[in-house]
Amino acid sequence: MSEEDVYTQLAGRVNFPKSRYIRMIFRRLLTPEDAEMVLSLPATVEEFAEKHHIDREKAAEKLDLFARKGVVIPFEKGGVKRYSCVSHVIQVHDATIHGTMNKRYDPPCDDIIETWKKFRETEWFEVLRDMEAAGRFWGRAIPAYSTVADQPDLQPIEDLRAILKNAPGIAVVDCPCRWLQVQRGECDKPTFVCLSLTPGSVKYINDQKIGKQLTLEEGYRLLEECEQAGLIATTGMGDKVRQLCFCETNECIILRPQVKYGYKLWGPSRYQAEVDPDKCKGCKTCLERCYFGAIEMYKVPGKKKAKARVDAEKCFGCGLCAVTCPTKALSMKAVRPVEYLTQ
Ligand code: SF4
Ligand code: SF4
């Protein structure tokens, strides 16, 4: 196989054979010989050793290095450990960034994080167009816990504390989208906030040493920290919550295209913010907190200060405005049926 073919095939494994940036990233992480080895997966260590005529120890070393680089994913099937090539663009994006920022191999290819950033601003839009054309939401906002804790019909899959309490495990990693921005001092919000909640993902994070397992109390503290910092809780659609992201809109792989370029990919939560005009003192704190331009100030005859109001069409239901409103003028009300959560 020619050198070009081998990287094209690898990019094809994540459904992006023509991607200039993904081929560039694989080329930085793997020699042509190693790339061919990765293409030969899935396999156990023994099968891999036999296929490539190397001893078991050497095979285990190779597979471990590929996993630390984030181009190979270890998994267990029937009690047997196997290794597969990455198979989805988000998987390879996150795994290779985590391997690099955690310095899991030496020397780490720091430049791939910038290359992924370029990818997110160009070729990624091809995927987003297909996702949008499917005509459904791929994820949703979850309201900040403190703003909906007293809601009578709050469902377990939109109650951030219940989500953590019901999870079989909690592990946290750095946000792969925003990490670089934080390193450069361009974002002052916490970045160690992406939560995985399934036994498999928690094991992967522990084994790969790319994050930390949290107790329930630590998870609750992280929720409070994120809502104060102004990070939007998001997750996938469906009746199970397998991961929680805490995002802003400058770098997030989904919310940036959504807010900056108008894609419709993630839906709002079931809730919407509303302002009690009698309590609003016109301080404008909420204006600063809203990433979606959903709050505007309006003049009230006879009053010196303008008051806030919410544009229902634009509100993402994140609750961040209500968290810091000093007069409790902002509150969240349910505006969508429970079925919306699992559509
Ligand atoms: S933060 Fe509260 S008091 Fe301040 S403008 Fe917004 S709604 Fe009014
Ligand atoms: S108005 Fe803005 S900050 Fe408040 S809940 Fe809606 S989207 Fe979030």
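I started with ligand 1: of the 14 residues around ligand 1, Cys280, Cys283, Thr285, Cys286 and Cys325 come nearest. I count a residue as near if its C-beta atom, placed from the backbone, lies within 6 Å. By class, this shell has nine nonpolar, three polar and two charged residues. Ala, Val, Leu, Ile, Met, Phe, Trp, Tyr, Cys and Pro count as nonpolar, Asp, Glu, Lys and Arg as charged, and the others, Gly among them, as polar.

I noted the conventions. The model is predicted; local features need pLDDT of at least 70, side-chain atom pairs pLDDT 80 or more, and totals for chains, interfaces and linings use all residues. Residues are numbered from 1 along each chain as its sequence is written, chains are lettered from A and ligands numbered from 1 in the order written.

Next, the domains. The chain divides into domain 1 (3–122) and domain 2 (132–342), with bounds from an automatic or database domain assignment. Domain 1 gives twelve residues to the contact and domain 2 gives nine; contact means C-beta atoms, placed from the backbone, within 7 Å. On the domain 1 side, H6 supplies the largest share, five residues. Helices are DSSP runs (H or I, at least four residues), numbered from the N terminus.

Last, H1 and H2. Helix H1 (residues 3–13) packs on helix H2 (residues 20–29) at about 115°, axes 9 Å apart. The axes are lines fitted to C-alpha atoms over the stretch in contact, and angles run from 0 to 180 degrees between N-to-C directions. That makes H1 roughly perpendicular to H2 (65 to 115 degrees). Tyr7 and Leu10 of H1 are among the contact residues, as are Ile22 and Phe26 of H2.

Technical notes:
Two residues are in contact if their C-beta atoms, placed from the backbone, lie within 7 Å. Helices (H or I, at least four residues) and strands (E, at least two) are DSSP runs, numbered from the N terminus. Angles under 35 degrees count as roughly parallel, over 145 as roughly antiparallel, 65 to 115 as roughly perpendicular and the rest as oblique.
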